[in-house]
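We start in a loop and work towards the helices.

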Amino acid sequence: MSHTLPALPYAYDALEPVISKQIMELHHQKHHQAYVNNLNAALSAQASAASADDVPTLIALQQKLRFNGGGHINHSLFWKNLTPPGTPGNDLGGAPALSEAIASRWGSHEAFVKAFGAELLGLQGSGWGWLVSKGGAKGQLEIVTTKDQDPINAPDVPVFGVDMWEHAYYLQYLNNKAGYVEGIWKIIHWAEAEKRYNAGVENLLKL
């Protein structure tokens, strides 16, 4: 079974002015599609190598599977944890359990946003920033970063993530990474984050 590019749950221009239509088209149609294509190619090569009992090739394929599989997982989650600004999903009131957990962990929503932003801006090179529920749904909340396309591994739950690769913002924000980080809160899908916090996420790479 091969993987396919998931459709966006909104139009390419729906996240403007926070993220431009041009960036969304390139990010989804080119970058995410490349991860899907490369993952399928790596899985096909893995199947052939397994049939041939070619252990060196199986070992060599692990990095391609991790990078492209992670890219597919992370972006599939990312599209869903964003919503057009001003829509009901962006209302923090739609995430009562998560809001309470954030306030308990960081003292206030404002303190959490500040701490999360500091982690995003402190990330060197390419990677992601995540709010994670440790050990499963309704766990201790932590802010973590992952390098390149490394995903959040089970049993931890990615409540929401922010793509900090330059392709996610540079065409619009240039070197103003802080502007992108500040704007992302206007399009976080808090209702989706609440669902993940309470129930976890579905396995996106079923074979």
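Asp148 sits in the loop between strand 2 (141-147) and strand 3 (157-163); helices (H or I, at least four residues) and strands (E, at least two) are DSSP runs, numbered from the N terminus. This is a predicted model, where local features need pLDDT of at least 70 and side-chain atom pairs count only at pLDDT 80 or more, while totals for chains, interfaces and linings use all residues. Residues are numbered from 1 along each chain as its sequence is written, and side-chain values use heavy atoms, with hydrogens and water left out.

Although Asp148 is not a glycine, its phi is positive, about 50°. Asp148 is partly exposed, with a relative accessible area of 35%; buried means under 20% relative accessible area, exposed over 50%, and partly exposed in between (1.4 Å probe, protein chains only). Asn153 belongs to the loop between strand 2 and strand 3, and Asn153 is partly exposed as well, at 47%. Pro155 is also in the loop between strand 2 and strand 3, and a cis peptide bond with omega of about 10° joins Ala154 to Pro155.

There is another cis bond, between Glu16 and Pro17, with omega about 5°. Pro17 lies in the segment before helix 1. Asp53 has a positive phi too, near 55°, in a residue other than glycine. Asp53 is placed in the loop between helix 1 and helix 2 (55-60) and is exposed, with a relative accessible area of 62%.

Some C-alpha to C-alpha pairs put sequence distance and spatial distance side by side:

| Pair | Apart in sequence | C-alpha separation |
|---|---|---|
| Met24 and Tyr12 | 12 residues | 5.7 Å |
| Asn74 and Gly200 | 126 residues | 15 Å |
| Asn153 and Asp53 | 100 residues | 28 Å |

Now for the helices. Two packed helices are described by the angle between their axes and the distance between the axes. How do helix 1 and helix 3 pack? Helix 1 (residues 21-51) and helix 3 (residues 62-80) meet at an angle of about 140°, with axes 8 Å apart. The axes are lines fitted to C-alpha atoms, for helices over the stretch in contact, and angles run from 0 to 180 degrees between N-to-C directions. On the helix 1 side, the contact (heavy atoms within 4.5 Å) includes Met24, His27, His32 and Tyr35; on the helix 3 side, residues including Leu65, His72, His75 and Trp79 take part. By class, this contact has 11 nonpolar, 12 polar and 1 charged residues. Ala, Val, Leu, Ile, Met, Phe, Trp, Tyr, Cys and Pro count as nonpolar, Asp, Glu, Lys and Arg as charged, and the others, Gly among them, as polar.

Helix 3 has 19 residues and reaches 27 Å from its first C-alpha to its last, close to the 27 Å expected at 1.5 Å a residue; that expected span is 1.5 Å times one less than the number of residues. Its buried residues include Gly69, Gly70, Gly71, Asn74 and His75. Among the elements covering the buried residues of helix 3 are helix 1, strand 1 (127-133), helix 7 (177-183) and helix 8 (190-199).

Asn74 counts as buried because its relative accessibility is 0%. Met24, in helix 1, counts as buried at 1%. Beyond four places in sequence, Met24 touches Leu8, Tyr10, Tyr12, Leu15, Ile19, Gln29 and Trp79.

His75 lies in helix 3 and counts as buried, at 0% relative accessibility. Not counting residues up to four places away in sequence, His75 touches His27, His32, Tyr35, Trp128, Gln149, Asp163 and His167. UniProt lists His27, His75, Asp163 and His167 as "binding site" in an unreviewed entry. They span 141 residues in sequence, yet no two of their C-alpha atoms are more than 12.3 Å apart, so they gather at one spot. UniProt positions are given in the numbering used here, feature names are shortened, and annotations may be inferred rather than shown by experiment.
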